[in-house]
Amino acid sequence: MAHSARRDCPELPDFSLLKTLARDHLIYLLEQLPGKKDLFIEPDLMSPLDRIANVSILKQHEVDKLYKVEYKPVISTSDQLCFLIRPRIQTVKWICDVANADKAAGKCRRYKIIFTPKKFYSCDAVLEEQGIIGDVTTDEWSFYLLPLDDDIISLELPEFFRDNFLAGDQRWVKTAGSALHLIHSLYGPFSKVYGIGRCSKMAYESWREQVAEGEQRAQKAEIGKVFLIDRDVDFVTPLCSQVVYEGLVDDIFRIKCGCVEFGPEVTSSDKSMKVMLNSQDKVFNEIRNEHFSNVFGFLSQKARNLQSAYDKRRGMDIKQMKTFVSEEFKGLKQEHRLLSLHIGASESIMKQKTKQDFQELLKTEHSLLEGFEIRESISFIEEHINRRVSMLESLRLLCLLSITENGLLPKDFRSLKTQFLQSYGVDHLLTFANLRQLGLLVEQQPGEMLTVMESKVGKLVNDKTAGKLTDAFSSLARKSHFRALSRKLNLVPKSDEEYDLRVPRDMAYIFSGAYVPLSCKLVEQVLDRDGWTGLEEVTKLLNGHEFAVTGNNGADSKAKSDAQRIVLVMFLGGCTFSEISALRFLGREKGKHLSASHLLMVSSLSSSFFLFVQLLLGVSLLLLYQLISRPYCILNCS
């Protein structure tokens, strides 16, 4: 395989301590309500909670029954109700309705609300307004980070992207700062902190305030450098189709909190199965970062190796057979089960992508990234919309076209918008408003000189020819920031020679050699230069807010300890599995071990699907990027 681990790579920090701290704190909070109690949990907290404290642990601490918050009358008969929720107005109002309904029915119960990761003032205001602030006790569960794998930790805040980048609500910035402070207190101090983006700068400042307020303890650093990056610095990467195995598994089956549910079509039975996807799965660990074109070859070879291992039983005597069964057979059986699942998943992915004209889709994306055959790409998008192949795919292609071309020509924008609304409904007018506000789908504002030129051309030639000339004038008159960034950072490799996906030469392999993700390229450049020196033109195109700060633990020392080789990359607003694969590749190539923590410290793990779902109808801007929106931290070892 192309991705062999480096033997000289330093050992990553043990993030299991984060789980232990979160579990102990939750148990302490539950014990503040002595006696048997029923626990109501918000749906998006159920999976993270299961990773921290499963049902048996909760039962040990007098939790009688578990319920999912469903915004309807409760059926619990317990005298004590405990609510584990996010600080959301809708949920707090529902709790008020439950308490007031109990009052009206003459029921006397005790109520406790545990907010995570923190309680906002607006929550207390609702409790007071509804007249039950004296009837409930409230606490905060400081659950900031969830380890999803050896090199991935997540804030599990899917709303971070929507709230911060669309609504302009900065309430989660301090939470991101607190998460960074927790990492610093356990695994720091850091020698260098780099960042780019307005949100990253605010999170850094929030963290520094918390460090200044707390006590400084001398300890051995386990993480050397930190890189913070806003999701809106690079919208192109999450808009590109994922072609690494883990990304495709997420696209088809939806990975939730490091776990995926495979249906009967994968398990070859009449039952579904939940599977943890992490480095403990030996088969998955070897193919997760691979381009999908390499996966079947690997799985085939793995099956042959497994059969050879089974065949060793032949000719064994009793003693050898006993040793084989006790030492090897169980492991081989487990590996066989996992291999069958991943073969089934790969076949299911292949069937899905074949149905969707996946190769034509990739060709269109690559043309947009390279800036060639734009008219043909627009025709493909129009056909995609008119055939109603997929609403989210149509939106993704429209946004990719807009960003790579620095906005759509007015005539193209009006035409594509009209066709989209006719195919998918006029209720998506608000979706277009959200996309426009984020800068994902905008109309070019032609300059005065360009308008005059177009009018003169229109008098001399027919409409069709005028349209082509207008496109040419437009491309000459205004240069896209993406195009400029692509040239300066060499984001689109030259296509003079064929790209060997089996032996990738750079991070572009995650997009079939067509594009190096901007976010990962920035990480590489800044770490190589030890700052932003020489990247002034790039940061200007990215609207600035870059910073590089030296810590207080000997950052100028030339000694390369293991800690100095560990880099934590924190995505504010979410990170894709493709970016994680690219950073892991960078770590192997440069000796920098990368760990992603959905701030991918992602506020959450994301994909274009989740980002758009949230943007739809204004209520779910996060669905294009629900995969975008987990805070993740990516660790990188040099």
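First, what we're looking at: it's a predicted model, where local features need pLDDT of at least 70, side-chain atom pairs count only at pLDDT 80 or more, and totals for chains, interfaces and linings use all residues. Residues are numbered from 1 along each chain as its sequence is written, and side-chain values use heavy atoms, with hydrogens and water left out.

Okay, find Asp150, in the loop between β6 (146-149) and β7 (152-154). Strands here are DSSP runs of E, at least two residues, and helices are runs of H or I, at least four, both numbered from the N terminus. A hairpin of 2 residues links β6 to β7. The two strands pair antiparallel over 3 bridges; pairing takes at least two DSSP bridges. Pro147 sits opposite Ile153 in β7.

Who does Asp150 touch? Leaving out residues up to four places away in sequence, Leu12, Phe15 and Ser279, where contact means heavy atoms within 4.5 Å. Pro13 is 137 residues away along the chain, yet its C-alpha is 8.3 Å from that of Asp150.

Last stop, the lining of the largest pocket: 16 nonpolar, 14 polar and 4 charged residues. Nonpolar means Ala, Val, Leu, Ile, Met, Phe, Trp, Tyr, Cys and Pro; charged means Asp, Glu, Lys and Arg; the others, Gly among them, are polar. Helices including α6 (160-166) and α8 (198-213) each supply at least two lining residues.
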